Amino acid sequence: MKDLLRFLPLKSQFVLSGNVRDLQLFEAGPGVLTPRPMLQVLAAELRFAGFAHVISYDPAAGFKVISLPNEDPSQGTEVMKQLGLQAVNGAAPAGLELFTETLQRIVGRPGEPVALVADFASRMIVRAEAISGPEHQAFTRALVLSHQARSRPHGTPPRPFFNTVLWIVDKEGDLPDWLLIGNPRIRHVPIAKPDHRARRPLAASLLRSLDGYLKADPLAATKALDDFVDQTEGLLLVDLTSIVQLGRTEGLGFAEIADAVRRYKVGVTEDPWRRIDRAKIRGATDFIRNRVKGQEHAVVHMLDIIKRAVTGVGAPRRGGRPRGVTFLAGPTGVGKTELAKTITHLLFGDQGAYIRFDMSEFSAEHSDQRLIGAPPGYVGYDVGGELTNAIRERPFSVVLFDEIEKAHPRILDKFLQILDDGVLTSGRGDRVYFSEAFIVFTSNLGIYRLQADGSRVPNVTPEDGFTEVEARVRSEIEHHFKAVLNRPEILNRIGDNVLVFDFIRPAVAEQIFADMVESTLSDIASAQGISVHLDASSLGRLRSLCLADLSNGGRGIRNKVETHLLNPLARALFDADASQGQSFEVRGVEHGSTTMLHLVDIVTPGTAG
């Protein structure tokens with residue numbers, strides 16, 4: 001507003017763009033700031049600056065004179081008649097040709113200065129790249145008038161005034177370039193989103209309407225105000241007004257304003273983070289160990305991050321960063337993905353809150369459009385992005401980005417927005433909030449390293465101790481993000497939450513094998529009603545076959561159990577025509593081109609193999 005008022009005597013036309021649909025702060029009295037629509041604020045300021053009338057136009061409602069409070073509306077009707085406009089109920093019809101003629105009359109009007117505000121001017125052109133004849137004529141007339149207009153003295157003492165034209169647009173490029181670029185008679189005034197200083201006075205005014213604020217302890221009231229201002233970073237003044245209205249509707253006190261902000265952002269009434277059973281988290285170590293074997297350090301660190309997310313300890317006051325962020329690194333098949341699934345079940349009781357993205361599918365330069373949606377004018381614009389759609393539907397979730405190192409660097413820039421601000425703008429311009437999500441990255445970085453000739457060689461092996469594995473993997477991760485990708489800021493946002501997983505060691509492999517065999521046999525018993533046991537020699541033979549190679553971790557063990565137990569057992573039971581209620585024992589394992597099991601019916605003796 002100061003920029004606009006300063007240049008009123010110097011420029012004949014102005015273009016206002018940016019945050020034009022928000023409420024604007026207006027000083028209704030000494031030290032009294034109130035939020036008002038932009039047209040009202042413009043009219044009040046222009047009238048105070050010396051303009052006799054402010055006329056607004058938009059393509060839907062047409063022309064009308066904006067009257068100040070306690071002002072006789074008939075004065076506006078008289079001005080409309082002088083401009084050749086036939087007002088009905090205070091408004092004259094809309095139309096581009098009528099606008100062009102009225103623009104000419106207003107700019108050349110003698111006497112008291114008037115201002116014309118062309119609101120929603122972005123909608124006056126149907127296609128900016130191919131404007132029609134009437135559109136071209138209207139803006140050509142505006143261009144010529146911008147140069148022909150001359151200021152004249154008015155008032156006591158006399159001051160220079162133009163009959164000013166103000167264009168209100170969403171963005172500067174909505175008007176023809178040839179009207180604005182290089183035109184010294186038109187001033188562009190960008191309107192930014194409200195910053196911390198703009199939100200605070202309005203927030204203080206709004207909080208007074210919530211229960212308990214006026215009678216609250218000053219320290220508690222100040223803390224609620226600080227939290228409200230900090231947590232609405234990036235929101236508009238109209239959003240602040242809506243949040244407080246939401247709080248009043250739902251009977252929230254001033255101390256619960258943060259909950260109202262969360263509800264407004266993510267659109268969910270209940271907060272699943274508050275409903276998490278803390279006793280379940282405290283006793284979660286054994287629950288996770290049963291599903292993720294041999295990664296004690298990672299389990300403990302992950303639980304610490306979860307406890308911080310649940311309690312909110314150390315959460316940033318400003319913005320809405322994700323509840324938690326972890327980076328799981330290590331060999332394949334050691335439990336990284338399984339840990340993400342496990343904490344999802346632990347937190348929300350449902351693995352349906354687990355959202356997974358395989359980043360190897362996002363290695364192309366423009367694959368970020370799959371995540372956030374295509375921009376306007378491109379195929380798929382109306383569909384939205386896979387990531388933004390998923391978070392909008394399920395804001396309380398664990399989001400797994402698998403094999404993050406395979407994503408295109410352009411996508412990594414999107415992650416910076418998520419980790420910094422907890423918000424991502426979709427291709428359609430919608431803001432999607434990640435403040436209630438738990439972000440998990442996984443990576444195989446550091447397991448192999450590239451040689452000078454481009455070949456890959458192991459960087460760590462199962463023969464290395466865990467301390468050495470951890471150090472080498474961390475070093476390789478830092479090198480990749482800093483030297484290869486030139487994105488060290490991503491690691492800075494993750495901090496010390498890089499968890500390196502160990503190889504599956506022989507003792508842990510034994511546990512995994514035993515659990516898989518037990519699970520396989522119990523599933524057969526529960527689903528088919530058939531009891532199957534393995535004698536000691538058969539179990540030992542299977543163990544040696546399944547644990548001969550641990551390079552692929554637990555996933556490799558599962559594949560071997562399927563090859564040497566599940567498939568041959570299914571074949572043997574089928575050949576034996578096994579039925580519900582029978583019991584069998586495996587008394588021999590033969591390994592050749594295929595594995596054969598010697599199955600004995602221990603109720604009715606007989607052998608099938």
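This is a predicted model: local features need pLDDT of at least 70, side-chain atom pairs count only at pLDDT 80 or more; totals for chains, interfaces and linings use all residues.
For my own notes, buried means under 20% relative accessible area, exposed over 50%, and partly exposed in between (1.4 Å probe, protein chains only).

Residues are numbered from 1 along each chain as its sequence is written, and side-chain values use heavy atoms, with hydrogens and water left out.

**More on K336.** I found K336 in helix α14, residues 336–348. Helices (H or I, at least four residues) and strands (E, at least two) are DSSP runs, numbered from the N terminus. The side chain of K336 has a polar contact of 3.4 Å with that of N444. Such a contact is a pair of N or O atoms within 3.5 Å; within protein, one must be able to donate a hydrogen and the other to accept it, and residues adjacent in sequence count only if both atoms are side-chain atoms.

Most residues other than glycine have a negative phi, and most peptide bonds are trans. I noted that the bond from T156 to P157 is cis, with omega near -5 degrees. P157 sits in the loop between β8 (152–154) and β9 (159–161). N89 has a positive phi, near 55 degrees, and is exposed at 82% relative accessible area.

**Aromatic rings.** Rings of Phe, Tyr and Trp (its six-membered ring) pair if their centres lie within 6.5 Å; planes under 30 degrees apart count as stacked, over 60 as edge-to-face and the rest as tilted. I got 14 aromatic pairs by this rule. Y57 and F63 make a tilted one, 4.6 Å centre to centre with 45 degrees between the planes. Y57 counts as buried because its relative accessibility is 3%. I then looked at F327 and F441, whose planes are at 40 degrees and centres 6.5 Å apart, so this pair is tilted. F327 is in strand β12 (residues 324–329) and F441 in strand β17 (residues 438–443), 114 residues apart. Both F327 and F441 are buried. They belong to one aromatic cluster that also includes F357 and F401.
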